[in-house]
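Student: Could you walk me through some ring contacts in this model?
Tutor: Gladly; let's look at it together.

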Amino acid sequence: MFWSKAYCHFAAAFILSLWFYVEAVPISVDKTEDTGLHYDRYLREVIDFLEKDQHFREKLHNTDMEDIKQGKLAKELDFVGHNVRTKLDELKRQEVNRLRMLIKAKQDVEGGNDINHQALLKQFEYMNHMNPHTFEVEDLDKLIKSATSDLENYDKERHEEFKRYEMMKEHERKEHLKNLDEEHRKEEQQHYEELKKKHADHPKINHPGSQDQLKEVWKEADGLDPNEFDPKTFFKLHDTNGDNYLDEQELEALFTKELEKMYSPNREEDDMTEMEEERLRMREHVMNEVDTNRDRLVSLEEFLVSTNKKEFVEPESWETLEQAPSYTDEDMKMFEEQLAQEESSINQKNAELHQQKEELERQQELLDSQKAKLQQMEQLP
């Protein structure tokens, strides 16, 4: 495989797959990785077949990232081999059939009366669904642009999901307290405060990407003398796929030692979902500081430049999640209002269903009564 950044979990997987083919050495792509997109399999298969066309690969050498984003590379689809085009047509037809099955399943679940088909199809803007039979230039253009946009928003969506998770956890805790008597409520609140205190009682957290943080990895994970720390050697050790870049997953692996100071799956006070949010925050911070060309990768040159900055040696203290809550009081208020509205809507729906059930039962009783009378009449001489 020649696609050095294909199938990555985060931003611009498809674009980076194309772009870094130009400079990266051939490596094997881990097929178990997932972009997180609902059309991940389709994206993977399209990439696999495009890379088999020699003309298409050669065009990559003369196409920069902006041109790819603007759709110039997509136009080269007209020149790929017939066998590749035939396979792409087949892949598209399979994907269209999958989408139709999804819409049909949604219709079955929701009754099929009020389904907004246009709204549903809008989710599938990574292809031209008006032409369900052949894979055209427009399909590749849509796939590139959709994957780029969707994956660049992936971190933002993860933050929003975590925010909702935290608010729901707090909401459920408060609801639980409401259902307790005064004595047990005080006990639960005291236990909660003790857990918070225990979680906050951890060793100092090094600033992500700082000299102290990397030296600790150098010592604890790599088993090397911290007094002999060498940035270039460190980079080579942690560029696990050998492509001369630290991608987002390789960066996140560097923070494991810091996270283990704060989180353990065996401690009641530690939440592993919060640990993953902390990992994401650390990675984003280092990317913002080091990734100067904003390609979501850290080159050796960018890494070495960052190690010569004052902030690398004398960083500010790192603000952890418990010091930087993911939501405000106003956010919580709006969230609970939304929950109340959803609960009211559900209750109303339940009441309507209950009425419908009673009406059906009444009608059934009436039918049974009429049936019994007819049977009696039939038995008369």
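Student: Which charged end sits over the ring of Tyr 192?
Tutor: First, this is a predicted model, where local features need pLDDT of at least 70, side-chain atom pairs count only at pLDDT 80 or more, and totals for chains, interfaces and linings use all residues. Residues are numbered from 1 along each chain as its sequence is written, and side-chain values use heavy atoms, leaving out hydrogens and water. A charge counts as over a ring if NZ of Lys or CZ of Arg is within 6 Å of the ring centre and within 35 degrees of the ring normal. Here, 3.8 Å from the ring centre, sits the charged end of Arg 173.

Student: And what lies under the charged end of Lys 52?
Tutor: Lys 52 also has its charged end over a ring. At 4.2 Å from the charge is the centre of the ring of Phe 49.

Student: How many aromatic pairs does the structure hold?
Tutor: Rings of Phe, Tyr and Trp (its six-membered ring) pair if their centres lie within 6.5 Å; planes under 30 degrees apart are stacked, over 60 edge-to-face, and the rest tilted. With that rule, the number of aromatic pairs is 7.

Student: What is the angle between the planes of Tyr 42 and Tyr 126?
Tutor: Their centres are 5.7 Å apart and the pair is tilted. The angle is 55 degrees.

Student: Are Trp 218 and Phe 229 buried or exposed?
Tutor: Buried means under 20% relative accessible area, exposed over 50%, and partly exposed in between (1.4 Å probe, protein chains only). By this rule, Trp 218 and Phe 229 are both buried.
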